[in-house]
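Dear colleague,

Please read them beside the coordinates.

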Amino acid sequence: MSRPEIRVSRLHKSFGDNHVLRGIDLEIGQGEVVCVIGPSGSGKSTLLRCVNLLEEPTEGQVFVGGIELTDPDVDIDAARRRIGMVFQQFNLFPHLTVTENLTLPQRRVLRRGKAEAAKVAARNLERVGLAEKADAYPASLSGGQQQRVAIARALAMGPEVMLFDEPTSALDPELVGDVLAVMRMLADEGMTMMVVTHEMTFAREVADRVVFMDGGVIVEDGTPERVIGAPRHERTRHFLSRLLDPAMAQVEEETSDQVGKSG
């Protein structure tokens, strides 16, 4: 693997008595795309948020681009500028146009002039296929378009690493494809990406590695062909069978409910 762009060492995170992450070790190489999968409550989104210290680890170290973000003396604001983050919700300012949503953080954080920020914004809207929406307001856009604007906003800051926290989970199914196409483009361009997702087709086709988490630990870490196609652990097989066969998952859920009521 190439030089680690992201390195997580012995990472623990607790919320009170809830021990969410239990000693995570993970490296992501420069230009690598790693998809993190797992059931709800497995710790995958918490891990992602710990990478840019939106959640402060209880114990352990996080390095991005060789800089330790968990060092008490680090300039965390400067370190975070290397990292783009895209959430489930789009978090766009409704009273600002698409272009203004992209230029505001550039001008405030990077101190770019108005003309330069607008030029960068236009270039990144073109990248995500939304150049024609530059003067539109978020309310006039579909959910998929809003998420692509959110990606363009992150890209306008010039990140070296992109983190995606289930970026398609809030979208109607017919809107997912355009967002995933933008993410495929970024992967093709060599962007280092860590993606928490339930989109198995995307993970199979785009990821260099797939990490399966459960119970706050990494259960499997390998190529998509191995982790998704031929998982070694029963926990992984059970998760994938439910995910890939929703009908079976519904039967199991109904059976569980009936058992609970009879008990």
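Leaving aside its neighbours within four places in sequence, Met183 is in contact (heavy atoms within 4.5 Å) with Ile151, Phe164, Pro167, Met193, Val195 and Phe202. The model is a predicted one, in which local features need pLDDT of at least 70 and side-chain atom pairs count only at pLDDT 80 or more, while totals for chains, interfaces and linings use all residues. Residues are numbered from 1 along each chain as its sequence is written, and side-chain values use heavy atoms, with hydrogens and water left out.

Met183 is also one of the residues, with Ile151, Met162, Phe164 and Met193, that touch the most other members of the largest nonpolar core, which has 46 residues. Such a core is a set of buried Ala, Val, Leu, Ile, Met, Phe, Trp, Tyr and Cys residues joined through side-chain atoms within 4.5 Å, buried being under 20% relative accessible area with a 1.4 Å probe, protein chains only. Helix H6 gives the most to this core, with 7 residues; helices here are DSSP runs of H or I of at least four residues, and strands are runs of E of at least two, numbered from the N terminus.

Strands E3 (residues 33–37) and E8 (residues 192–196) run parallel and are joined by 4 bridges, and Val33 stands opposite Met193 in E8.

With regards

Key: Pairing = 2+ DSSP bridges. Buried < 20%, exposed > 50% of the residue type's maximum accessible area, 1.4 Å probe, protein only.
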